Amino acid sequence: MPQRITEKYLNELIDQLEIKETELEAESPLSSQSNDNQGNNGMIIVQNNQLYITSPLPGGEPAVLSAIPPVVLKVNNQLVTEPVQVEASDRISWSIQEEPQYQITVSEDNLKAFFTLNRVGQYAWNLVNSPATPRLALQAEMDRSILLSTLSIEQIIVDFEKKSITQNLNIPAIYAEMNHPTHQPICVAEGKPPVDGVDAKLDLFFSEHVENAFNEIEGSVDYRNHLRIPSAKRGDVIARKHLPREGVPGYDVYGSILPAAPPRDIKVVAKEHTLLLPSQEITALKEGRPRMTGNSVKYFDISTAYIVPGNVNIKTGNVVFSGDVIVHQDVEDNMIIESLGNVYVYGNVYNSTITATGSILVRGNVINSQLYSGYFGVMYNRLYNLSKQLIEECNMLSEASKLLTEKVESRHQTVKFGQVILLLLESKYKKIPVLIRDLQSVFANIKYTYHQDTEQLKRMLDVFLRPTQFIDFFSYAVLASFLKLLEDLYSGVARMQEVKVRVDIPQCHNSTIKSNGDIYIHKDGILQSDLLSSGDIAFLMKDAVCRGSELEAAGTLTAQTVGGESSANSSLKAGSKIKVRKMYAGRVTVGRHSKEIIEPVENMIFTPQNLQRLNQAARDKFI
């Protein structure tokens, strides 16, 4: 709080003001009137750490006071952060708020503690004296002649202990910093990060792709040379599993345990044609193509091949096989090939459907056909779809039979379970017999053995197709058994999806191709077709064309010539980028950004970034 000014000191102040006024008047006649008003203003004097303030005379203005850090100023017990008017009656106090002598900080991961020394000694502060002035920014300076206290190592250690930082505290480093200050953060305590475990992994000793499967020798196709198709002999090691290794926990600067991330294991199942040894090696038990299927569980098997030496047509019937299918000539009109493996066609595919849980390779043309590979090969597989629909219908049949039986029994009557099933099949669940006949038709086209024993399921299908002959045979247990057989079939097909698949064709017209992997077009290109890939789509030949088609790739789409001067437009969509050698017109979409191509472009790479820039430039031009 300021002391009351004495009359003697006030007179001295007035004398000083008169001197300044005289000097100013001598300088400029225009300034006399201004100085007359300033002489009425309030004044501030700083002397010996004290503030002296006078109130303004009539016609004058109060003095203005502010503070420069580290000075903290309060007027009438209110903190002042901006210049404020003050008078003699105001209660004014000041203090010094300087940075602490040291700081203790901890990294975000709590693995390192740092000590930052600002100063060892704590000194007094004095206000900077100031003559009378109507505006004052209060300043203070350190008085190094007055040492108030000296920082001790004990004080610092106690502070670390209060923060529970005692693990591996480097006291010599603190001593060194105090003796030779760098005023930089120094690490004085360090934890130990956890060492994460090592995930299990699989080494595959076979290629998951068929490389150049179609070879010609002296102008003719070599059907007997299967070296390009991955193969294994009995006793070959086809894969090896490396077991996961547990990690090592760590600790932070507070001494708390940091657990290591648990390693991820891979569940491996060796099917009937493979063997998992104690050494974690998977060996082949017969000759064939090794393959790995499944997602969360990896199934190893040896796929055998069903070979059609000629065409697939009405004479051969549709082909359903639990392995690879090799067709040496054409797939003729309205035929179906369903493979729980790869499909190789050395000829053309006309107006047909091919589904494969693995890859599809076609040497000839694909016309008016549908090709589904990998995940899509499962989704469009008739065994998968029909068993799924039957499971849904039979679950509803089971619930309805329970409700109907309970309703009859609530009236103190009895009814045969077979009669309930018969009534429901004839009245409400007429779809079940239709699905059963379709499934029986698929079973009739299965070539040789299937991936599991289906004889029991075939007998149960026949029972449910003729319920009047088996009224006394039906029970809840029989219905549950039928459902279990359907579920085994459904899940068995789903597990046959191979991990890395692709579709290879030379060209296609008016067709649909869906692949859970890449799609490669090796020759002339595609016309009026729809292609969908969970990987990349690539046209490999420089002169390949894409006209009137819709293409979508989750990764990169590489095209050569898209559209023509008079052809229908195409739509290209990719998740990563689109590369075109020449595009006449159409639409390109990468990620969330699209652009209509209305004028020919050449050697373009479309990414989300440059599509955004092109669209913005077009909008700016329009504005």
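Analyst: **A strand pair and its surroundings**

Let's start with Tyr-123, whose bridge partner in strand E13 is Leu-147. Please keep in mind that this is a predicted model, in which local features need pLDDT of at least 70 and side-chain atom pairs count only at pLDDT 80 or more, while totals for chains, interfaces and linings use all residues. Residues are numbered from 1 along each chain as its sequence is written, and side-chain values use heavy atoms, with hydrogens and water left out.

Strand E10 covers residues 121-127 and E13 covers residues 140-150; the two run antiparallel and are joined by seven bridges. Two strands count as paired if DSSP finds at least two bridges between them. The element names are DSSP runs, numbered from the N terminus: helices are H or I with at least four residues, strands are E with at least two. E10 is mostly covered, with six of its seven residues buried; here buried means under 20% relative accessible area, exposed over 50%, and partly exposed in between, with a 1.4 Å probe and protein chains only. Tyr-123 also has a charged neighbour: Arg-144 lies over the face of its ring, at 5.2 Å from the ring centre. To count, NZ of Lys or CZ of Arg must be within 6 Å of the ring centre and within 35 degrees of the ring normal.

Three strands form an open sheet in the order E2-E1-E11, with antiparallel pairing. Strand E2 (50-54) and strand E11 (130-133) are its edges, each pairing on one side only. Neighbouring strands in this sheet are turned by 15° against each other on average, direction ignored. Strand E1 (residues 43-47) is joined to E11 by two bridges, and Ile-44 stands opposite Thr-133 in E11.

Now for the rings. There are nine aromatic pairs in the structure. Tyr-375 and Phe-376 are an edge-to-face pair because their ring centres are 5.3 Å apart and their planes stand at 75°. In that classification, rings of Phe, Tyr and Trp (its six-membered ring) pair if their centres lie within 6.5 Å; planes under 30 degrees apart are stacked, over 60 edge-to-face, and the rest tilted. Tyr-375 is partly exposed at 36% relative accessible area, whereas Phe-376 is buried at 13%. Phe-464 and Phe-482, by contrast, are stacked, at 4.3 Å centre to centre and 15° between the planes. That pair links distant parts of the chain, 18 residues apart: Phe-464 sits in helix H9 (residues 455-465) and Phe-482 in helix H10 (residues 476-494). Phe-464 is buried at 1% relative accessibility, and Phe-482 is buried at 0%.

H9 leads us on to the helices. Helix H8 (residues 431-444) packs with H9 at an angle of about 145°, the axes being 10 Å apart; axes are lines fitted to C-alpha atoms, for helices over the stretch in contact, with angles from 0 to 180 degrees between N-to-C directions. Phe-464 takes part here as well: it is among the H9 residues that meet H8, whose own contributors include Ile-436, Leu-439 and Phe-443. Contact means heavy atoms within 4.5 Å. In helix H7 (residues 417-427), the buried residues include Phe-417, Ile-421 and Leu-425. The buried residues of H7 pack against helix H6 (382-410), H8, H9 and H10.

Finally, the backbone. Most residues other than glycine have a negative phi, and most peptide bonds are trans. Pro-69 and Pro-70 are joined by a cis peptide bond, with omega about 10°, and Pro-70 is placed in the loop between strand E3 (63-67) and strand E4 (71-75). Ser-164 has a positive phi of about 65°; this residue lies in the loop between helix H3 (153-162) and helix H4 (171-179) and is partly exposed at 43% relative accessibility. Asn-510 has a positive phi near 55°, lies in the loop between strand E36 (502-509) and strand E37 (512-515), and is partly exposed at 40%.
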